[in-house]
Amino acid sequence: MSLVETLHNHVLTLRIDRPERMNALTFELLIELCEALERVPSRAEVRVVVITGTGRAFCAGQDLAAFGKSLDIAEMVEKTYNRLMMGICTLEKPVITAVNGTAAGAGASLALAGDLRLWSSNTKFTEAFSNIALIPDGGSTWFLPRAVGYSKALELSIFAEVIDAAEGLRLGLCERVFEAETFTEQVQAYAERLANRPATAFALTKKAMQQGMVGTLRESLTLEAQLQAQASRSSDHQEGVYAFIEKRKPEFNK
Ligand code: T3D
């Protein structure tokens, strides 16, 4: 098994654990990751998912030692990377990518796929695909231009430039950078803070914003009205309003 699962204070951490290969992804590991994510909807105790890596790398992308073993690359990509990225983006719970170090190739795509992206000060990010004359996959052609704009995304992809944490933050590739020495603790604290925010409101906000990125203003306004009606029926909404009136801190997700 190359994936370590831990659950603490409603935060499920999925840690890719192949440090000797810089957490490069094999077919089996990708399926393990997909299956772990697909179990989350039925696990009420899980409120936040964190994906991270062991050692100095987050993930170096496809394991190149396994290169060529797949007869049909398109089918392999569909069954692994595409299943994984859709799993993250459609999960009705927050997914944090906690990028503890190097993220390259499909590892960079995975870093971008999180709803919230936290980087260690040691992070090095590279869309390494073009170094082996491949195109970005794992959703990078979707995530990257949305984060940095079309031309910058093309430039990062074709030169496989290595981006450090300060530049990643400036470009909008991550939301926060935490010091490497305290990265794990700071990620856990951030994730626990998120786990205590109203879960239904998060799920509906995720859905509305994803639709907002691909639709028209009219479509967003219509969807907001529908999803707001749903949010307003949640017990968290009631709790939030009562807590405001009673001048106390709300306790969500009870
Ligand atoms: O082909 C398909 O199936 C389609 C799907 C493609 C998706 C993709 O992800 S394609 C892109 C694949 N990834 C890469 O091309 C990245 C390759 N790695 C690197 O460019 C560099 O290793 C890094 C920039 C990630 C890190 O550089 P550095 O100098 O910090 O470390 P290193 O010395 O290069 O690597 C350390 C070890 O990890 C080394 O092994 P060794 O010599 O100590 O035994 C290296 O071979 C291994 N390693 C790093 N990346 C991979 C890897 N082994 C297998 N696959 C890797 N991707």
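**Notebook: cysteines, pocket and salt bridges**

I began with Cys89, whose sulfur lies 12 Å from the closest cysteine sulfur, in Cys34, too far for a bond. My cut-off for a disulfide is a pair of cysteine sulfur atoms within 2.5 Å. I worked on a predicted model, where local features need pLDDT of at least 70 and side-chain atom pairs count only at pLDDT 80 or more, while totals for chains, interfaces and linings use all residues. Residues are numbered from 1 along each chain as its sequence is written, and side-chain values use heavy atoms, with hydrogens and water left out.

The disulfide count is zero. I found Cys59 buried at 0% relative accessible area, and Cys89 counts as buried too, at 16%. For reference, buried means under 20% relative accessible area, exposed over 50%, and partly exposed in between (1.4 Å probe, protein chains only).

Then I turned to the largest pocket, which holds about 970 Å³ of space. Of its 35 lining residues, Cys89, Asp115, Lys206, Gln210 and Met213 are the closest to the centre. I took a pocket, on a 1 Å grid over the protein atoms alone, as an open set of points where a 1.4 Å probe fits, with protein on both sides within 12 Å along at least five of seven lines; lining residues have an atom within 4 Å of a point. Which helix gives the most to the lining? It is H8, with 13 residues; H8 spans 199–214. Helices here are DSSP runs (H or I, at least four residues), and strands are E runs of at least two, numbered from the N terminus.

My last stop was the salt bridges, of which I have 14. The rule is a side-chain nitrogen of Lys or Arg within 4 Å of a carboxyl oxygen of Asp or Glu. Arg39 and Glu5 meet at 2.8 Å, N to O. This pair links distant parts of the chain, with Arg39 in helix H1 (27–39) and Glu5 in strand S1 (3–8), 34 residues apart. I noted both as partly exposed, Arg39 at 38% and Glu5 at 33%.

For a local pair I picked Glu167 and Arg170, whose closest N and O atoms are 3.0 Å apart. Both sit in helix H6 (165–171), three residues apart, about one turn of the helix. Glu167 is partly exposed at 24%, whereas Arg170 is exposed at 61%. Elsewhere, salt bridges with shared partners join Glu5, Arg39, Arg43 and Glu45 into one network.

Key:
Points joined across faces, edges and corners; volume = space filled by probe spheres on them.
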